[in-house]
Amino acid sequence: MPIVPDEKDWTWVLSRPCPECSFDASTVTPATVPGSIESMLPRWRAVLRRPDVAQRPNDHTWSALEYACHVRDVFALFDQRLNLMLESDDARFDNWDQDATAEEKDYGNADPAVVGAELAAEGHQAADSFARVREEDWERRGLRSNGSEFTVLTLAQYFLHDVVHHLHDVNG
């Protein structure tokens with residue numbers, strides 16, 4: 001059964017802690033972003049070693065494997081968006097349909113070992129990219145297709161919430 005698309009605007013997590021996963025964007029600083037990304041990689045790889053990783057808990061929730069595929073792609077997407085913000089003034093982000101991507105890439109039938117290696121590689125790449133941001137570039141701006149405006153810092157905060165929140169989703 002297909003998952004009902006999540007159409008929520010999660011940018012509110014930039015102004016208050018998430019009541020579900022307890023992520024607090026106000027604690028994220030330029031200095032903490034790379035280490036935060038790196039610290040989540042072993043936790044995601046552990047998720048992918050579960051014997052039931054491909055089983056959905058119910059008809060309307062992704063399996064842990066599908067969440068891990070999504071997070072792998074989130075790492076790649078936000079690395080691209082970060083680099084776009086650093087390379088161009090007032091960067092504009094194309095819309096990303098995460099549900100269409102899940103179907104196109106057949107998340108539910110992915111090989112967990114391959115996903116683990118890819119997730120780690122994409123995560124390391126994103127951490128390295130955020131580590132290279134110069135102090136004067138953390139306030140550079142970008143605009144999402146729905147009009148949401150980000151600085152490099154708020155993009156990092158928003159991105160980290162996604163990864164933390166999905167760890168919460170798979171760990172209950």
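Mentor: Helices and strands are here runs assigned by DSSP, the helices (H or I) with at least four residues and the strands (E) with at least two, both numbered from the N terminus. The model is predicted, so to speak of a local feature a pLDDT of at least 70 is needed, and side-chain atom pairs count only at pLDDT 80 or more, whereas totals for chains, interfaces and linings use all residues. Residues are numbered from 1 along each chain as its sequence is written, and side-chain values use heavy atoms, with hydrogens and water left out.

The protein chain has five helices and three strands, which follow one another from the N terminus as α-α-β-α-α-β-β-α. The three strands make an open sheet of mixed pairing in the order E1-E2-E3, where two strands pair if DSSP finds at least two bridges between them. Strand E1 (91-93) and strand E3 (149-151) are at the edges and have a single partner strand each, so one side of each is left without a neighbour in the sheet. Neighbouring strands are turned against each other by 30° on average, direction ignored. Strand E2 (residues 141-144) runs antiparallel to E3, and three bridges join them; here Gly142 stands opposite Phe150.

Now follow the helices. Helix H2 (residues 64-87) lies across E1, E2 and E3 and runs at about 155° to E1; axes are lines fitted to C-alpha atoms, for helices over the stretch in contact, and angles go from 0 to 180 degrees between N-to-C directions. Helix H5 (residues 152-171) also packs on the sheet, touching E1, E2 and E3, and its direction makes about 100° with that of E3.

Rings of Phe, Tyr and Trp (its six-membered ring) pair if their centres lie within 6.5 Å, and planes under 30 degrees apart count as stacked, over 60 as edge-to-face and the rest as tilted. Phe78 and Tyr158 form a tilted pair, 6.1 Å from centre to centre with 45° between the planes. Since Phe78 lies in helix H2 and Tyr158 in helix H5, this pair ties together parts that are 80 residues apart in sequence. Phe78 is buried, with a relative accessible area of 5%, and Tyr158 counts as buried at 13%; buried means under 20% relative accessible area, exposed over 50% and partly exposed in between (1.4 Å probe, protein chains only). Phe130 and Phe159 form a stacked pair, with 5.8 Å between centres and 10° between planes. That pair links helix H4 (residues 112-131), where Phe130 lies, with Phe159 in helix H5, 29 residues apart, and both residues are buried.

One more residue of helix H5 deserves a look, namely His166. His166 counts as buried at 13% relative accessibility, and, leaving aside its neighbours within four places in sequence, His166 is in contact with Trp44, Tyr67, His70 and Val71, contact meaning heavy atoms within 4.5 Å.

For the setting of this part, 46% of the 172 residues of the protein chain count as buried. Among contacts in the chain between residues at least 6 apart in sequence, 75% join residues at least 24 apart.
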